[in-house]
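Begin with the chain as a whole and then go through its parts.

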Amino acid sequence: MARNAVVIGLGEFGLHLALSLSKAGCEVIALDINENKTELVRDYVTQAIIGDVRQSQVLRNIIPEDIDVVVVCLGTIESSIIASLYLKEMGIKNVHIKAINDEHERIMTLMGFENIIFPEKHMAERIAQKIMSKNMLDYIPLTEDYSIAEIAPLTDMVSKTLKDLDFRRKYNMSVIAIKELVPPSMKFMPGPNFVIKLSDVLIVMGAKEDIEKYNKMKD
């Protein structure tokens, strides 16, 4: 868990990220070239700094040696690439970069960055999956091939245990948690003798193709 973070760029995504991290108890340094944007978060973050990230010394001056994470949320590809390059030269290990478009995402990947954030693309994918699926309640992509999803149990699963269903073998997915709605509770790594109720929500992890196959099943 990050104790401190630097958020570079206070557009809509960066602004909300800085505020959310701060609310969660993280010490946040927020940086933007626009004074008006830094004023919006000044009372809510540890530090709000005005600076141009195209100057490497700006980053070197504000980023502590013990920083846990740096998130680049800049609005132009040029600025994002320059800032990311400086961060790599500084040896910052945990860098997350908001991608502006597919080309930007490819460039960041070629530069060796693994934590690429594409909020619009990821949210659109989640919404599309929810709209198109009868059984899926929520969906979080992990990699290109694997995801975590919230799914509703099929009618014939009710009153049966995970062992009875042979769930993992039959559906090729792992149940990592079960959200019980009545009464409200969360069971992590449920045992084989957990009895499924119609009101339960199953949180599963598996290949996207297996999750999609489940979602096409009819009661």
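A residue is called buried when its relative accessible area is under 20%, exposed when it is over 50%, and partly exposed in between, using a 1.4 Å probe and protein chains only. By that rule, 41% of the 219 residues of the protein chain count as buried. The model is a predicted one, in which local features need pLDDT of at least 70 and side-chain atom pairs count only at pLDDT 80 or more, while totals for chains, interfaces and linings use all residues. Residues are numbered from 1 along each chain as its sequence is written, and side-chain values use heavy atoms, with hydrogens and water left out.

The protein chain has nine helices and eleven strands. A contact means heavy atoms within 4.5 Å. Among the contacts in the protein chain with a separation of 6 or more, 52% are between residues 24 or more positions apart.

The interior comes next. A nonpolar core is a set of buried Ala, Val, Leu, Ile, Met, Phe, Trp, Tyr and Cys residues joined through side-chain atoms within 4.5 Å. The largest such core has 25 residues, and those with the most contacts inside it are Val 6, Ile 8, Leu 31, Leu 59, Ile 63, Val 70 and Leu 87. At least two residues of this core come from each of strand S1 (4–8), strand S2 (27–32), helix H3 (56–62), strand S4 (69–72), helix H4 (77–89) and strand S5 (95–98). Apart from this core lies another, of 17 residues, among them Leu 154, Leu 162, Ile 178 and Leu 202.

What does Val 70 touch, not counting residues up to four places away in sequence? Val 70 touches Val 6, Ile 8, Ile 63, Leu 87, Ile 92, Asn 94, Val 95 and His 96.

Val 28 lies in strand S2 and counts as buried, at 0% relative accessibility. With neighbours within four places in sequence left aside, Val 28 is in contact with Ala 5, Val 7, Ala 18, Leu 21, Ser 22, Val 45, Thr 46 and Gln 47. Val 28 and Thr 46 are 18 residues apart along the chain, and their C-alpha atoms are separated by 5.2 Å.

Pro 64 is in the loop between H3 and S4 and is partly exposed, with a relative accessible area of 29%. Not counting residues up to four places away in sequence, Pro 64 touches Val 6 and Ile 29. The C-alpha atoms of Pro 64 and Ala 5, 59 residues apart along the chain, are 9.4 Å from each other.

The axes of H4 and helix H5 (residues 102–110) come within 11 Å and cross at roughly 15°. Axes are lines fitted to C-alpha atoms, for helices over the stretch in contact, and angles run from 0 to 180 degrees between N-to-C directions. Angles under 35 degrees count as roughly parallel, over 145 as roughly antiparallel, 65 to 115 as roughly perpendicular and the rest as oblique. H4 and H5 are therefore roughly parallel to each other. On the H4 side the contact is made by Ile 77, Ser 80, Ile 81 and Ser 84, and on the H5 side by His 104, Ile 107 and Met 108.

Ser 79 also lies in helix H4 and is buried, with a relative accessible area of 13%. Leaving aside neighbours within four places in sequence, Ser 79 is in contact with Val 53, Arg 54 and Leu 74.

Ile 196 lies in the loop between S10 and S11. Is Ile 196 buried or exposed? Ile 196 counts as buried, at 1% relative accessibility. The residues that Ile 196 touches, not counting those up to four places away in sequence, include Leu 162, Leu 165 and Leu 202. Ile 196 and Lys 160 are 36 residues apart in sequence and 5.8 Å apart in space, C-alpha to C-alpha.

Met 189 lies in the loop between strand S10 (184–188) and strand S11 (201–207). Met 189 has a positive phi of about 45° although it is not a glycine, and is exposed, with a relative accessible area of 61%. Asn 172, in the loop between helix H8 (167–171) and strand S9 (173–181), has a positive phi of about 60° and is likewise not a glycine. Asn 172 is partly exposed, with a relative accessible area of 49%.

Conventions. Helix = DSSP H or I, 4+ residues; strand = E, 2+ residues; numbered from the N terminus.
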